Amino acid sequence: MSDSKDFYEKVYAVVDQIPTGRVTTYGAIAGHLGVRSGARMVGYALNNLLTREATPDHRNIPAHRVVNRLGQLTGRAYFPGDTMRERLTQEGVSFKSEFTVDMEEHFWDPAE
């Protein structure tokens, strides 16, 4: 259990570094953390933010800036209404279609 807790904290630290107006992917985060096939685990970590009472350290983690490898807002189901897209739009993120971010324009690689 503490191994997953440590991994979750590492995920939160990376997500907290995503600049405003940029997005990254579950897979990019996992790869940066040395778990190449751990995209799903990154999703579990972010979902965990919603299933427990957020501590002050975790309240403002910009989870809305994490999308799937195609730029799709797969995490939007965890945000009320259209909050994920609204937040990204407010930050200047452009979309190729209704729920797909323009990855060429807005992708941020945590490894760089």
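1. Leu70 sits in a loop of this predicted model. The loop runs between β2 (66–67) and α4 (83–90).

2. Is Leu70 buried, exposed or partly exposed? Its relative accessibility is 46%, so Leu70 counts as partly exposed, the class between 20% and 50%.

3. Beyond its neighbours within four places in sequence, Leu70 is in contact with Thr100 and Met103. Its C-alpha atom is 8.1 Å from that of Val101, although 31 residues separate Leu70 and Val101 along the chain.

4. Val101 itself has a list of contacts outside the four places on either side of it in sequence. Among them are Gly71 and Leu73, along with Val67, Leu88 and His106. Val23, Val93, Ser94, Phe95 and Lys96 are also touched by Val101.

5. Val101 belongs to the largest nonpolar core, which has 28 residues. Together with Val11, Tyr12, Val15, Val42, Leu46 and Leu88, Val101 is in the group that touches the most other members. Two or more residues of this core come from each of α1 (2–15), α2 (26–32), α3 (39–51), β2 and α4. The largest share is that of α1, with six residues.

6. As to the protein overall, five helices and four strands are present, in the order α-β-α-α-β-α-β-β-α from the N terminus. Of its 112 residues, 41% count as buried.

7. Contacts between residues at least 6 apart in sequence join partners at least 24 apart in 61% of cases. The accessible surface is about 6800 Å², and carbon and sulfur atoms hold 46% of that area.

How values were computed. Residues are numbered from 1 along each chain as its sequence is written. This is a predicted model: local features need pLDDT of at least 70, side-chain atom pairs count only at pLDDT 80 or more; totals for chains, interfaces and linings use all residues. Side-chain values use heavy atoms; hydrogens and water are left out. Buried means under 20% relative accessible area, exposed over 50%, partly exposed in between (1.4 Å probe, protein chains only). Contact means heavy atoms within 4.5 Å. Accessible areas come from the Shrake-Rupley method with a 1.4 Å probe; for residues, only the protein chains shown count as cover. A nonpolar core is a set of buried Ala, Val, Leu, Ile, Met, Phe, Trp, Tyr and Cys residues joined through side-chain atoms within 4.5 Å.
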